[in-house]
Amino acid sequence: MLRTVFSALLLLVFTHSAEAWNGVGHRIIAEMVWRGLTKAERREASELLKQHPHYKLILTADVPRGVDKDEWAFLTAAVWPDMVRPKRSGGSDEISKYDLYPHAIGYPFMRPAETNHALIEHFFIKRPDAEMVLSNSFTTLRNRDASPRDRAVSLCWVLHLCGDLHQPLHGANLVTEKRPRGDDLGGHHMVIDGHGRMVNMHSFWDSLPGVDGAYGYIAAQAKQISGDRKLKDATRKEFEQDKTIASWVQESFRLAVGFSYSGGNLPFAHESDVKAGKVAHEQIPKLSPIYISEAHGIARRRLLLAAERELVVLKQVW
Ligand SMILES: [Zn+2]
């Protein structure tokens, strides 16, 4: 019996696959953006979202009591590309037909000890990649001749991908001799988090913004992050220097390699070894409290930068 429960738990942990900042993270970014828009800009964004094919079905399906409908639709628009994935939507074609694009662009990196550089040279990234999709979505959103429906869908992709590409693990893929195609952006690298739970690295980084989806938490986080002077100072240089989508992803790549993976030296257990029983639960490496606290700091910086950059783009639209 116990064994069955443990297996079920394991399955739960393993099936939580890569989805980028969780819904909470995306909504926190969108809430910061919403606060930065003027009333007139908010009205434009809200009118546009009414043209979205899933305005009723998804964007305004569960507006929390007491929360402004337009604002909630905007926050949900930022999560929508994750909500149309077949595993979430229950497989309905009407919903999942919009699940078209990648949410990450994992540039390859190797551990210093790895010597086969051909693995990097021959690494293949499928097109269109997430940078292209974000760039095209900007273009469609700005294009007043495009259909309102396409522009509304593009607004969702802009809000979502800009967030995703600021999640460090969305910019890097660990390449080894054994796994030359990369390793699912950390989705199979098992560690123990600060609560003693086994998580994969990707999920750990996705969940850093928190797991409380209540509007009150989202609004409080948005207010705190956007009002944090020190945080603003810490991100100013990147904000001023890096003005292209490619450079935002390179920031993520450098953070993922340099910090998240500690230059390739961060210990983890591979999911396949855990599943095969080659690594016992007690042998799975623990993330240190210092690592966890620094990771939280990095996540806050990335959320702020994503929001500031989205604001710049949206202000060119309306
Ligand atoms: Zn995503």
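Modeller: This is a predicted model. It has 3 strands in an open sheet, paired antiparallel, and their order is 4-3-5.

Biologist: How many bridges join strand 3 to strand 4?

Modeller: Strand 3 covers residues 189-192 and runs antiparallel to strand 4. Valine 191 stands opposite valine 199 in strand 4. The number of bridges joining strand 3 to strand 4 is 3.

Biologist: How many salt bridges does a search of the whole structure find?

Modeller: Side chains of opposite charge can pair when their charged atoms come close. The cut-off applied here is a side-chain nitrogen of Lys or Arg within 4 Å of a carboxyl oxygen of Asp or Glu. Over the whole structure, the search gives 14.

Biologist: What separates the closest N and O atoms of lysine 50 and glutamate 47?

Modeller: Lysine 50 counts as partly exposed, because its relative accessibility is 37%. Glutamate 47 is also partly exposed, at 42%. The two form a salt bridge, and their closest N and O atoms are apart by 3.0 Å.

Biologist: Are arginine 85 and aspartate 82 buried or exposed?

Modeller: The side chains of arginine 85 and aspartate 82 meet in a salt bridge, at 3.9 Å from N to O. To count as buried, a residue must have under 20% relative accessible area. Arginine 85 and aspartate 82 are both buried.

Biologist: Aspartate 273 and lysine 278 also meet in a salt bridge. What is the relative accessible area of lysine 278?

Modeller: The N to O distance in that salt bridge is 3.9 Å. Aspartate 273 has 22% relative accessibility and therefore counts as partly exposed. Lysine 278 is exposed, and its relative accessible area is 63%.

Biologist: Which residues are linked with Glu251 in a network of salt bridges?

Modeller: A salt bridge here needs a nitrogen of Lys or Arg and a carboxyl oxygen of Asp or Glu. In this network, Glu251 is linked with Arg302 and Arg309.

Biologist: What distance separates the C-alpha atoms of glycine 297 and histidine 270?

Modeller: Glycine 297 is in helix 17, residues 289-317, and counts as partly exposed because its relative accessibility is 27%. Along the chain, glycine 297 and histidine 270 are 27 residues apart. Their C-alpha atoms are separated by 26 Å.

Terms used. Residues are numbered from 1 along each chain as its sequence is written. This is a predicted model: local features need pLDDT of at least 70, side-chain atom pairs count only at pLDDT 80 or more; totals for chains, interfaces and linings use all residues. Side-chain values use heavy atoms; hydrogens and water are left out. Helices (H or I, at least four residues) and strands (E, at least two) are DSSP runs, numbered from the N terminus. Buried means under 20% relative accessible area, exposed over 50%, partly exposed in between (1.4 Å probe, protein chains only). Two strands pair if DSSP finds at least two bridges between them.
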